[in-house]
Amino acid sequence: MNLTVKLRRNLRRLVILLTTCCVVSVLVSAYYLYAGSTQELELTDPASGPDCSDTQALPYRQADPRTPRPIDTTRKDAVVLVFVESQYSQLGQDIIAILESNQFQYHSEIAPGKGDIPPLTHKGRGRYALIIYENLLKYTNMDAWNRDLLDKYCAEYSVGVIGFHRASENSPAALRLRSFPVLMHTNVGLRDCCVNPRSPLLYVTKAELDRGPLPGDDWTVFLSNHSTYEPVLLAKPQPPKGGSPHEPLGSASLLATVVQDLGLFDGVQRVLFGHGLSYWLHRLILVDAISYLTGHKLSRSLERYILVDIDDIFVGKKGTRMNVNDVKALIETQQLLRSQISNFTFNLGFSGKFFHTGTGEEDAGDDLLLKYVDEFWWFPHMWSHMQPHLFHNESSLLEQMILNKEFALEHGIPTDMGYAVAPHHSGVYPVHLQLYESWKKAWGIRVTSTEEYPHLKPARHRKGFIHNNIMISIFMTHLSNYGNDRLGLYTFANLATFLRCWTNLKLHTLPPLQLAHKYFRLFPEQRHPLWQNPCDDKRHKDIWSKEKTCDRLPKFLVIGPQKTGTTALYLFLIMHPSITSNFPSAKTFEEVQFFNTHNYHKGIDWYMEFFPVPSNVTTDFMFEKSANYFPSEESPKRAAALLPRAKIITLLINPSDRAYSWYQHQQAHEDHAALRYSFYEVISAGHQAAAELRSLQNRCLLPGLYAIHMERWLTHYPPNQLMIIDGQQLRNDPTAVMDEVQKFLGVSPYYNYSQALTFDRQKGFWCQLLEGGKTKCLGKSKGRKYPPMDTESRVFLSHYYRDHNVELSKLLHRLGQPLPSWLREELQKVR
């Protein structure tokens, strides 16, 4: 009995003991689980620990605010010098893309490992307002001479520097920048990035917190105790997978991954990035850094304008169109966006033929749209959604537009917005003139949009232009707007929310016509188009009339200058059986003068009408000669855009003789100034001279600045597409010159000019030899006799052109071209 009782007692004690052990075990486990979870929360909870709003947690904190030296914007050009690692480096391309997106001018160079940097000044003015290094170490590790030169330039002209450091697996864990009081730690993982609200750099960017881990574990952070450094972006260290913190950083709570150097150390202001631009917030800060370091010279207003077109509102197959619920969602989203974008209104494009062509539910959606017709803006498409370039007859195109207008009037759709969009942007660019004319007649259109000018991609290169009094100014892109999708609504609503949260941008919507006027006030340089070759872009060729052909564009140009023998060269060229010139102009005779005059704004269709359709595209060589192209500032860029593969021929004679010949030409044409003033009075006239005298002086002197004009053409054409003819040699030995011209052009068959030209002693130059011994020479106005130039004028002009002739000799030497005899004679006078 006692044994039984003892066993029961011992068993009860054992059970109690075991129960107690289990409870303790559970409690201990719960404690550690709880402790572990709170530790995990501390690592992942973005609200825990210090952030940028806690000034006590900021590194480099100072008792007093520091004021950097103001940026002087007056002594330098608003151009950014970008040093990239290579032509194809990703970060370098990202930097340039941001500059191009903001339409900032820039010049890029491969960062020299050793050697000189490019010239930084010109005639006492700074060439660059900002310098960006893709690789910060290329900047800090420059040789002493170039680094001192660059820093002096930056300090004197108030030029800032931006540098990026991208760590690699071979980067040292800690690195002190040479000659800077700052230490870098590399290959750090970061999380919870915040923007320092005290940073003077901020402009577009708001001071907010981006929660979560930053992409990658190759971040660089900056540490310094010097007062010149102010953190811009900060983040918490992300412990590596092993759990221990980054050893050299210890228990630092916030680390700076972008810092601003206020210039208090050496007088140069800088912004240093500890990563590339793959992190979206770095892109925003780069825009702010560019703005700040250029004294807001390279900056855009915080007032931004957005217009959302919804094309094809009635177009679509059954089952894919908008129904009643989709229309309600459209109206609700519009109300939501109006709370974030002032005056926001969706702009609906319609093709009336497709009204009520859906399912019953979709037709009800059409009816609901028209019930709320006054809630939206409206613009016309084509009645049947046909591409305008397919209509070669203007009356047929106009008929389609009238049908759409009648539909609009019948259903109460406004018709006075002055805005239209062509299906697939057909006919807008490349230009289909019938579309422009029909738009104006049917709708009174004054503005349209396209995503094709100058090309679809890259989108950042798109621009506006004005043609035939219609403004093409709106950047356009496409998102799906079909029923049961609403991707567009979702995208725009979230975009507006993001911009309100992270930026100081103020968004507005304006009707298309007002928006176009505002656009061209912001970018007046875009008013004039730059015509491209439609056949060089497949998309352009697809929306260009099939009745047009690029084969009517010339293969080479004779660009002048005037009074150097261009008309004689023209006559010799058209003697060749495979060479054809343009049709004559009623106003300018054998010259088209397209690229240098208002003719350019008539468009390429007008230009091509001057050329026949070649019988053989391969062997036929069409050209035009316009001698005023040579000194024109606009012609090289325009010609290269339309005719990038064209050969260019120019003739040069002694510029003094050219000036005198032009004066005599004007006298023969009874120019008032040429009859009133002597040649010496014309060329030596001062800045206060009468306007007509100054005008004649410019026409005499400026075309003879050969090196300046040649460099402009060489900016847009490679040297192997440019032929320089010695005008004096053409006059004396045209056969030899024409043999060289044939080789340069690659034209066949070979034409023997020695059997086709004869020297006319009475005229004093070479003429075409015809059958029966007759000759065909230049007109009476060519080769006229006039007295020789007076000595005083000759001496004046030799001195005037001296430096320009020296520059021409350097240019010809660089191109591997021989010096003409007249230039050698002029250079001997310099000695």
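Contact here means heavy atoms within 4.5 Å. The model on screen is predicted.

**Stop 1: Phe759**

Select Phe759, which sits in strand β28, residues 757–760. Setting aside neighbours within four places in sequence, Phe759 is in contact with Gly764, Phe765 and Trp766. Its relative accessibility is 36%, so Phe759 counts as partly exposed. The C-alpha atoms of Phe759 and Asn732 are 9.5 Å apart in space, and the two residues are 27 apart in sequence.

**Stop 2: Asp218**

Is Asp218 buried or exposed? Asp218 is buried, because its relative accessible area of 17% falls under the 20% limit. Show the side chain of His275 as well: a polar contact of 2.9 Å joins it to the side chain of Asp218. Not counting residues up to four places away in sequence, Asp218 touches Arg166, Ala167, Asn187, Val188 and His275.

**Stop 3: salt bridges**

Side chains of opposite charge can pair when their charged atoms come close. How many salt bridges does the count come to? The count is 33.

Start with Glu85 and Lys138, whose closest N and O atoms are 3.2 Å apart in a salt bridge. Glu85 is in the loop between β1 (79–84) and α2 (90–101), and Lys138 is in helix α3 (residues 136–140), so the pair ties together parts 53 residues apart in sequence. Glu85 is partly exposed at 31% relative accessibility, and Lys138 is partly exposed at 25%.

Then select Arg283 and Asp94, a salt bridge with its closest N and O atoms 3.8 Å apart. Arg283 belongs to helix α5 (residues 280–293) and Asp94 to helix α2, so this pair ties together parts that are 189 residues apart in sequence. Arg283 is partly exposed, with a relative accessible area of 32%, whereas Asp94 counts as buried at 14%.

Move on to helix α12 (residues 538–542), which holds both Asp542 and Lys538. Their side chains meet in a salt bridge, 3.0 Å from N to O. The two residues are 4 apart, about one turn of the helix. Lys538 is exposed at 63% relative accessibility, while Asp542 is partly exposed at 38%.

**Last stop: a network**

Which residues are linked in a network of salt bridges? Select Arg147, Asp151, Asp261, Asp266 and Arg270 together to see it.

Note on methods
Residues numbered from 1 in each chain as written. Predicted model: local features only at pLDDT ≥ 70, side-chain atom pairs only at ≥ 80, totals over all residues. Heavy atoms only, no water. Buried < 20%, exposed > 50% of the residue type's maximum accessible area, 1.4 Å probe, protein only. Polar contact = N/O pair within 3.5 Å; in protein donor to acceptor, adjacent residues only side chain to side chain. Salt bridge = Lys/Arg side-chain N within 4 Å of Asp/Glu carboxyl O.
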